Amino acid sequence: MTLQVIAAILLALALAYLYSNLAANLRAAGLNISFAFLGSSAGYDINQTLIEYDSQASNFRAAIVGILNTLLVAFLACITATVLGVLAGVLRLSNNWLVRKLMAVYVEIFRNIPILIWIIIIFTIMTAVMPGARAYLGEDPERGLLGGLFAFTNRGVYTPAPIFTTGFGGAEGSGLNWLLVIAALVASFFGTRFMTARADKIQGETGVRPNTFFVNLAIWFVPLIILAFLLGLSWDMPDPLANRFNLRGGIQIGAPLIALWLALSVYTGAFIAENVRAGIQAVSKGQTEAAAALGIRPRRVMSLVVLPQALRVIIPPLISQYLNITKNSSLAIAVGYADVTATLGGITLNQTGRAIECVLLLMAFYLIISLSISAVMNVYNNSMKLKER
Amino acid sequence: MSDTHEHSVAFVRTTDIEQQPAPSNAAGPVKWMRDNLFATWPNALLTVASAYVIYLILTATLPWILGGLWNTSSLAECREVLQGKSAACFSVLTDRWNQLLFGFKYPSEFYWRPTLALVLMFFALAPVLFFDLPRKLLIMTLLYPFVAYWLIWGGTIWVPVFALLGFIAGYFVYARFVAQNFALGFFGGVAAAAVVWYVAGFVVSMLAPESPLLASVPSRDLGGFMLNMMLGLTCVSLSIPLGIALALGRQSSMPLIKWMCVVFIEFIRGVPLITLLFVASVMLAYFFPPDATVDLFLRVVIMITIFSAAYIAEVVRGGLAALPKGQYEAADSLGLDYAQAMRLIILPQALKISIPGIVNIAVGLFKDTTLVSVISMFDLVGMIRGPILASTDWNGVYWELLGFAAVLFFVVCYGISQYSQWLERRLATDHR
């Protein structure tokens, strides 16, 4: 008890000391703590935005653009890192010696070199090795578009853009169209979940599992096709002839985004590979043998016996790797990708001089993300915990 | 028997057949290849595909590396010599070797000082890493920080000497009182050290000679890989004790202390290191007394240390939680107080479990020291991206420089992780 009182007093003293220093320093510099700068015009351009933005928009909107960009690259990297990591992790356990060693080399190389160096290396590949946009221009270009669709330039990759000609907002288009598509996808997801549950139930009652593959395929694609017709989907192609200096049309995925995305994927993929390998190895051999003794076929042993038990071990570290991706995406500032660290913590901070406010907001954003992901993880861990007695 | 044979068998061998070697497809390299490379059709395809990938990588890189030039003075000269051939221009490494290692401001006549500090580091680390060595060598480890500080920063020798004296005084007070009460010994030791340092503050300014033995070098002149090593080593060694303290605090039964540690750990783990470095570079100055100027190196060390301490705390907490409850109860039933139980029973076992995790954090921390280049400190990556690639001589030599940085980090980090695996095997005292 005495120790706690001492600790409380020390903590209060330390906080008071820091606060008095802060107040004195701010007074000396003629500053105050105020978040009014968020409302004022940002005055800088951002080349990759998900929502409408121009240099007249407020600092707050710039921060939102940054947040969305952070979430975008984190989301993309989570998907590719998982695919890469699971693949490499499974292949590390392959009975093919060469593949096993190759994957070990991949994991060791990417785990032991700082991510910052990987980001810079991939960004350099993007900018120094890829041809300029000029190579794709004109009647008879040096290089053709890949399949007539994609152009890989040193500024980024150009891909066809879907546009909705008869949807909401007319030819200009509007975010509502995309919301509809997302809603359709979510509905399809729950639809397939329902179909699978129904198949499980029928199998439980009759012992025969109805084939769900084609039904699920239809649930995924039919709504999308209907929507495409209703909204008048058409594709905006990168056009070599529209402009003499740069490609026009399509979506430009900037080189910084691609560099960051790929670097985060391969770097984190190496860590995920180790988690996956450890998870599969954690399932004791007796489980596989018991399943075989019950007469379950080898392929179903993996999906019914090994994987469900391995996932229990794999998923918690996997989620913390997702957290790491989100946190490491803050290195975007090194290649000039406009994530929240680069907008709010970089340009806005430097232009307004509001260091304390900007850094606090930045930390608050990352804290909210981290804490909400950990909350999800705790719920998952509790639901997956081995129920003993 | 022999009769029947005479009638039914035409020929009976009277000698043994000599032992034959196994058929070539059931032993030796052929068997190995059949088992490990071409077991099934898909497997064989996979083998061919990976062999092709390896071939592609080697044909792309090997001629480039082997044909590399080592002694030209600029990229333009390299291109002249190569005449359009594709080969590396490693001359940038030989030309800027010192800058890559020491940064571009460290006085060149003093390069021997950090080099000596690096050599001494191996002697200082040896007794910690390999505990078969005589324990008395630990004296060297304890002295090392002061020697290294003096070598790298220079200045009057009295600063490290008095810092050391403070620790010695603190230790003696601690040793005198710890038998009675751990808290008394600990806080007494801290107080004694503080008194010595306070007094030293006045004494040093009087004793400081006009021209010290080693000229003083300001910390903003540090750079290159030396800066990465210094940050890595300092922050790891500072964050391990801090992390253990935080982990114990989090396990504590006192709600206030537990709450403080939880908030601290979760806060630090929730934000990226780069925001903490922003705090160090733009915000921390506001929290120091108005007249104090704490240099950037120290501010960065503080932030990286608390960052990795939070992670180490979580690893150690895992180790503490993995110990069977019986160990805690056994310590209690022996009549040990909290400090004794922790020091003699709990921590030795918990730390042993946590070693792989702590080493992982240490490797991660060492890799993260490259982030200081973002707040414009010129570490290895900062040197490459800043002064070297921006110079007219070497503008455009990306692969050689980035490859060099990658190899340097790979060697150190891979070495550390191999050491940790060796240590794990060495410490495995359970019977399997």
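I started with helix 7 (residues 255-282) of chain A, which lies across strand 2 and strand 5 of chain A and runs at about 55° to strand 5. For the record, helices (H or I, at least four residues) and strands (E, at least two) are DSSP runs numbered from the N terminus. Axes are lines fitted to C-alpha atoms, for helices over the stretch in contact, and angles run from 0 to 180 degrees between N-to-C directions. Contact needs C-beta atoms, placed from the backbone, within 7 Å.

Housekeeping: this is a predicted model, where local features need pLDDT of at least 70, side-chain atom pairs count only at pLDDT 80 or more, and totals for chains, interfaces and linings use all residues. Residues are numbered from 1 along each chain as its sequence is written, with chains lettered from A and ligands numbered from 1 in the order in which they are written.

I found an open sheet of 3 strands in chain A, order 1-2-5, with antiparallel pairing (at least two DSSP bridges between two strands). Strands 1 and 5 of chain A stand at the edges with a single partner strand each, so one side of each has no neighbour in the sheet. The twist averages 20° from one strand to the next.

I then checked the pairings. Strand 1 (residues 151-153) and strand 2 (residues 156-159) of chain A are joined by 3 bridges and form a hairpin with 2 residues between them. Thr153(A) stands opposite Gly156(A), and Gly156(A) also stands opposite Gly254(A) in strand 5.

Last, the interface: 40 residues of chain B are in contact with 45 residues of chain A. Helix 18 of chain B gives the largest share of chain B's side, 8 residues.

Definitions and conventions:
Two residues are in contact if their C-beta atoms, placed from the backbone, lie within 7 Å.
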